[in-house]
Amino acid sequence: MTEDTDHDGRVWLGTPAFPEAARTALADTRLRHNLRHATTTIRTKRLDATGEVPHWEELREAGAAIKRRTARHLATYLEQLEASVTAAGGTVHWAADATDANRIVARLVRAAGGPDTERHEVVKVKSMATQEIGLNEALAAAGITAYETDLAELIVQLGEDRPSHILVPAIHRNRAEIREIFAERMGEWGRAAPDDLTDDPKALAEAARLHLREKFLTTRVAISGANFAAADTGTIAVVESEGNGRMCLTLPETLITVMGIEKVVPTFTDLEVFLQLLPRSSTGERMNPYTSLWTGVTPGDGPQDFHLILLDNGRTDVLKDTVGRQALACIRCSACLNVCPVYERTGGHAYGSVYPGPIGAVLTPQLAGVRRAASLPFASTLCGACYEACPVKIDIPEILVHLRAKAVEAKRDGRALPTPEALAMKAAATVLDSPGLLAVAQRAGAAGGRLLGGRGGRIRRLPGPLAGWSATRDTPAPPRESFRTWWRAHREER
Amino acid sequence: MRIGLFITCLNDTLFPGTGRAVVTLLERLGHTVEFPREQSCCAQMHFNTGYRPESLPMVARFARAFAGYDAIVTPSASCAAMIRDNHPVLAEQLGDAALRDAVAAVVPAVHELTEFLVDVLGVTDVGAVFPHRVTYHPTCHSLRGVRLGDRPLRLLRAVRGIDLVDLPAAEACCGFGGTFAVKNADTSTAILADKMTTVLSTGAEVLCAADNSCLMHIGGGLSRWNSGVRTLHLAEILAATEGTR
């Protein structure tokens, strides 16, 4: 577990803590409506798409098993990957953290541009790893402009916004908002949107197509992420829906792939499992529209210069935690987000990280340090829907309670005096470990409850930290006779 | 068969009627039950909030109190899930060999009430009469924690006079989540509002579930909305006969 080690970038954007950030999101009725509509639709599609595979549970287990094996022998597979990529004509770079990775990318972009190129530009296919390290911002600081080419990423970039979802980064926007963003901002980045742009999805897609086509045809360097990389062949895989990624992966002269080290799989044939699990879990489709696989360089076809950057950024620390490391198995399908009752109400921004939702609640505190992101493991009802939906069977609730214990321990260590919560928990533990004290507390509670209780034995306002609960919920006043008192009177003394 | 009742701290303190209903029901079915007075709590609140060392004495207490029973019956899917999934983890992580053995000995005997009725006693018609319009909320822990499946519904369908109506989006979480409802009160309330809306859409007079914790939360909201819908643990419906309720 990393403790307060500063892996810079956008893994953790800092305060406010989840409860406060969520309050802002909850007050946004348009956001709530957009989220509910989108998550409900994807949820239904996913259930249909996974339900029609007769051996779905076996597939999940196979995916989980491959990921477990990969994690156990990660160093071996990464070295094998490096050898395979190098043999196929690519170059492998190792990046310990975000600063390292950003520096390598900037250097490669400048070198690829050549001394006579004044415009330093790159096109990008959607990549969580580059968001995690804040690559666009780092490139901008180095005088390089990065153009997002995934439609949703484009909306986020033009709107100077942050992604709200792993798979559907603009899930929080509706088409009227998107029309506004395109009409106002596209011209600043390249080809402007037509004057008569409507919020018809076709018109919006066409505007994006024309805008992006110009970028694909003029930009010499592309940056991609990777969904998977096969150690035995050195093959990298990217799956996507729009074909914009395919453009990035084939048209430019130089291709730079930034990949978290956990994305390696042992063999090319392992892809068979994941290419079934991923699209059905993420978009509810049997197969994603575009699957691109490339192995090093092929003379005369596609980019002639290929670089693979293997990013650690806290991952080897996560591996040391035998419970928490499960989170590294994530294939970024976002099924857990779409079924999560908390995510559905708050959206992704409340999680303060590029990794939102249930998987973010377990990944972010591990990558950024549990002290810094201490509110995230508590941002769950532990309803278990995420675990049930996860195509690689990550036991997210188990990791959540594991990290909660770490967060509590971290607080204990850092303070001379216990927190009010710790005192309350200690007091409750003392009472609950003594039936005699429990009976005393029950009698006291019943008396107190009668004082607090209004009509019908309902308490309308509770004191202190329970005020948030009682703002919207009545609490039953404790009855005069607890069960144990009744039992003694009616069964033991019968 | 020696049956020990684990009534749970919440039921003992705030919902003693549920415990009495379990006793009534099992006695009506011809069984003698015992309430080991040494029992207190399954430690779920402490465990789930991150206070593991504090929860260990309660785990040990549970294993001590219920040693030797053929069946341990509890009217809480949530507490049953806690005991099954996490008591062994805690005993392994923080306890000693003796505690691990004691926990391993009691855990297989733990049954949530509807599991006990359907699987162990083999009954679905418990002779109940409850002439009211009722809807059933499968709590997250009854769905995914102990996997009750349709056991509660099979028991409810056999109740005489009942008008059992489906709850839309029944499997959606109610937003309680133990201390989540306190730590993230606003998000919890937003989730609750949607659950209450579906409950009201059924026109039911009674909402029932296998967990009083979730019912305390939903019922607390329904009361605040002055909705006129009451919440009742399903044990109390199953215990009801002509002339009661």
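## A network of salt bridges

A:Arg36, A:Arg43, A:Glu344, A:Arg345 and B:Asp194 are joined in a network of salt bridges. A salt bridge here is a side-chain nitrogen of Lys or Arg within 4 Å of a carboxyl oxygen of Asp or Glu. Side chains of opposite charge can pair when their charged atoms come close. Over all chains, the structure holds 44 salt bridges.

This is a predicted model, in which local features need pLDDT of at least 70 and side-chain atom pairs count only at pLDDT 80 or more, while totals for chains, interfaces and linings use all residues. Residues are numbered from 1 along each chain as its sequence is written, chains are lettered from A and ligands numbered from 1 in the order in which they are written, and side-chain values use heavy atoms, with hydrogens and water left out.

## The interface of chain B and chain A

The size of an interface is often given as the accessible area lost when the parts come together. Between chain B and chain A, the buried area is about 5500 Å², and carbon and sulfur atoms give 57% of it. Buried area is the accessible area (1.4 Å probe) that two parts lose on being put together, summed over both. In chain B, the residues that lose the most area to chain A are B:Arg37, B:Tyr51 and B:Arg224, together 13% of what that side buries. The contact (heavy atoms within 4.5 Å) takes 63 residues from chain B and 64 residues from chain A.

There are 12 salt bridges between chain B and chain A. In one salt bridge, the side chains of B:Asp12 and A:Arg484 meet at 2.7 Å, N to O.

Helix α11 (residues 185–201) of chain B gives the largest share of the side of chain B that touches chain A, 9 residues. Helices (H or I, at least four residues) and strands (E, at least two) are DSSP runs, numbered from the N terminus. By class, that side of chain B has 27 nonpolar, 21 polar and 15 charged residues. Ala, Val, Leu, Ile, Met, Phe, Trp, Tyr, Cys and Pro count as nonpolar, Asp, Glu, Lys and Arg as charged, and the others, Gly among them, as polar.

## Salt bridges within a chain

In chain A, A:Arg173 forms a salt bridge with A:Asp161, with the closest N and O atoms 3.2 Å apart. Both residues lie in the loop between α8 (151–158) and α9 (175–189) of chain A, so the pair ties together parts that are 12 residues apart in sequence. A:Arg173 is partly exposed at 24% relative accessibility. Buried means under 20% relative accessible area, exposed over 50%, and partly exposed in between (1.4 Å probe, protein chains only).

In chain B, the side chains of B:Arg133 and B:Asp163 meet in a salt bridge at 2.9 Å, N to O. B:Arg133 lies in strand β5 (residues 133–136) and B:Asp163 in strand β6 (residues 163–165), so the pair ties together parts that are 30 residues apart in sequence. B:Arg133 is partly exposed at 31%, and B:Asp163 is partly exposed at 33%.

## A buried residue in chain B

B:Gln44 lies in helix α3 (residues 44–49) of chain B. At 13% relative accessibility, B:Gln44 is buried. Not counting residues up to four places away in sequence, B:Gln44 touches B:Ser78, B:Cys79, B:Met82 and B:His141.
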